[in-house]
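Dear colleague,

Please find below the structure that I am handing over to you, together with its sequence. My notes on what was found follow directly after it.

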Amino acid sequence: MPLSRDGRGTGWALAVDIVNTWDEYPRPMDLVEGVEDVRTVLAWHGLPEAAAAVEPSDVERFRRLRTRFEHVFDARSESEAVALLNELVTEYGVPPQLERAGRRWRFRAWPDEREGLRAGAALAAYGLLEALREHGWSRLGRCAGSPCRCVYVDRTRNRSRRYCCVLCADRVAQANLRSRRRAASRPTRKDGTLHGRSRR
């Protein structure tokens, strides 16, 4: 399954990849077929112990978690998105504490990795809250490349991101180019209108 390189290992990127395990393009499909798929997502984001602790019963829990993160991206307001994330943090998180992260300190508000999916869920919720606080709710988006419905966190300087990945951006650009070429190749009458169409 395609996983985020941008932000890899951060909570917000993990949340994005959890949601994007359901895809609508080229057809609706659940990319989580079993426990190994859940482990792959967690391990990709630097949680190997959590991945190893995932059990078959966690597959359905992962799918329910995906739905809850989807609701965050589809929230009708910033307050609603924050409330949904706060619910997740309350359910899966632990009291924040300071810990070393390389040469820096950071607040940790998620369980030990040995708790498996619970640790990943809390990290994802906490990370998405941080992204929302730092960048704003408007930066949480859905891909404009219909029928794709994957999500993203827009971290561009000019708030210009519209697609979940380069593949979707290229696909839409190519479709638009083909459409323009078809329009340009249609024969026109002397009055400048297209054959078979009346001027409005």
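Which residues in α1 meet which residues in α4? The model is a predicted one, and in it A15, V16, I18 and V19 of α1 meet F62, L65, R66, F69, E70 and F73 of α4. By class, this contact of α1 with α4 has eight nonpolar, no polar and two charged residues. Helix α1 covers residues 11-19 and helix α4 residues 58-73; the two pack at an angle of about 110°, and their axes lie 8 Å apart. That angle makes α1 roughly perpendicular to α4, because angles of 65 to 115 degrees are counted in that way.

The overall arrangement is as follows. The protein has seven helices and six strands, and along the sequence they follow the pattern α-β-β-α-α-α-α-β-β-α-β-β-α. The radius of gyration is 21 Å, whereas a compact globule of 200 residues would have one near 16 Å. Along the principal axes, the C-alpha atoms fill a box of roughly 75 × 35 × 30 Å. Of the 200 residues, 41% are buried. Among contacts with a separation of 6 or more, 54% are between residues 24 or more positions apart.

I turn next to the interior. In soluble globular proteins, nonpolar side chains tend to be buried together. The largest nonpolar core here has 43 residues, of which F69, L85 and L128 touch the most other members. At least two residues of this core come from each of α1, α2 (35-44), α3 (48-53), α4, α5 (78-92), α6 (117-135) and β6 (151-153). Helix α6 gives the most, with 10 residues.

What is L128 in contact with, leaving aside its neighbours within four places in sequence? The residues are G11, W12, A15, F69, V72, F73, L85, L140 and V153. Of these, A15 and F69 also take part in the contact of α1 with α4 described above. A second, separate core has seven residues, including C143, C148, Y163 and V172.

Finally, helix α2 deserves a note of its own. Its residues V35, D37, V38, V41, L42 and W44 are buried, and the buried residues of this helix pack against α1, α3, α4 and α6. Just after α2, G46 takes a positive phi of about 80°.

With kind regards

Note on methods:
Residues numbered from 1 in each chain as written. Predicted model: local features only at pLDDT ≥ 70, side-chain atom pairs only at ≥ 80, totals over all residues. Heavy atoms only, no water. Axes fitted to C-alpha atoms, helices over the stretch in contact; angles between N-to-C directions. Helix = DSSP H or I, 4+ residues; strand = E, 2+ residues; numbered from the N terminus. Parallel < 35°, antiparallel > 145°, perpendicular 65-115°, else oblique. Contact = heavy atoms within 4.5 Å. Nonpolar A, V, L, I, M, F, W, Y, C, P; charged D, E, K, R; others polar. Core = buried A, V, L, I, M, F, W, Y, C linked by side-chain atoms within 4.5 Å. Buried < 20%, exposed > 50% of the residue type's maximum accessible area, 1.4 Å probe, protein only. Rg over C-alpha atoms; globule rule 2.2 N^0.38 Å.
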